[in-house]
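Open the model in your viewer and keep the selection panel at hand. The stops below go from the whole chain to single residues.

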Amino acid sequence: IKCEDITPTEAKDFKRWLENREFEKIKKPSTASLNHVIRNVKAFFNYYSIDEPPIFINIVKINAQLKQCPRDKELPFHFTVEELQTILTAALEHDNERCQITRESKKAGKDFKGEIPLKNNPIFHHIALVMLTGMRKSEALELKWEDIDLENGIIRVKAEIVKTKAARLIPLVGDVHKDISPTLLELLKIWKEQSSSHYVLP
């Protein structure tokens, strides 16, 4: 089929096919993925419709068949306070148990499989920072102490470590609406005293 022969009906059929196909045979595409493809297709049609004479004479009707798919109206998932407490408690218990095993391993000079001593890899710091601020894992891993104002309770997330390249501030206390996490601020102060690294997470 030639570009100039594309009709509104074929545009409608394309969208129906797009909504029902399985990309890479993995899973049904998300609404965001569908809308991304639709925007690109419409941009293609619009670009070649500015020519004289226009390639797509039915551009208005074609675009009418390529409307954005409505987004899911499901409410975002949020942890309850009880669930957060359970996760953080489990992380603490993991770290305490791992620390004890590591201590015994180093004392014996080997782990329980006869290999080199185990290394203690705490997870509580990572989980608490991400869960109590909403930061991405990649942002948390790149966060440095110089980015945190412990006196005023503000975390500065620099643009270079943000996926969207847009810097932002995370006020832990004193926000006009509500305090995000005064407890995390106190934890950060303790971690800072114990840290010998430029990075917040060990």
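Start with the whole chain, which is a predicted model. Of its 202 residues, 25% count as buried. Now colour by secondary structure. The chain has 7 helices and 3 strands. Followed along the sequence, their order is α-α-α-α-α-α-β-β-β-α.

**Stop 1: a helix pair**

Select residues 8-20, helix α1, together with residues 31-47, helix α2. The two axes lie 10 Å apart, and the helices pack at about 155°. The cut-off for roughly antiparallel is over 145 degrees, so α1 is roughly antiparallel to α2. The crossing of α1 and α2 is right-handed.

Which residues of α1 and α2 meet? Show side chains for F14, K15, L18 and E19 on the α1 side. On the α2 side, show L34, V37, I38 and V41. By class, the residues of this α1–α2 contact comprise 6 nonpolar and 2 charged, with no polar ones.

**Stop 2: one end of the chain**

Stay on helix α1 and pick T9, which lies in it. Is T9 buried or exposed? T9 is exposed, because its relative accessible area is 52% and the cut-off for exposed is over 50%. T9 and K61 are 52 residues apart along the chain, yet the C-alpha separation is 9.1 Å.

**Stop 3: the largest core**

Hide the surface. In soluble globular proteins, nonpolar side chains tend to be buried together. Here the largest nonpolar core has 22 residues. Select L129, I155 and L188, the residues with the most contacts inside this core.

Centre the view on L188. What is L188 in contact with, leaving aside neighbours within four places in sequence? Select W145, I148, L150, I155, L172 and V200.

**Stop 4: the second core**

Finish with a separate core of 10 residues. Pick out some of its members, including I38, V41, I59 and I62.

Terms used:
Residues numbered from 1 in each chain as written. Predicted model: local features only at pLDDT ≥ 70, side-chain atom pairs only at ≥ 80, totals over all residues. Heavy atoms only, no water. Axes fitted to C-alpha atoms, helices over the stretch in contact; angles between N-to-C directions. Helix = DSSP H or I, 4+ residues; strand = E, 2+ residues; numbered from the N terminus. Parallel < 35°, antiparallel > 145°, perpendicular 65-115°, else oblique. Left-handed = near helix turned anticlockwise from the far one by under 90°. Contact = heavy atoms within 4.5 Å. Nonpolar A, V, L, I, M, F, W, Y, C, P; charged D, E, K, R; others polar. Core = buried A, V, L, I, M, F, W, Y, C linked by side-chain atoms within 4.5 Å. Buried < 20%, exposed > 50% of the residue type's maximum accessible area, 1.4 Å probe, protein only.
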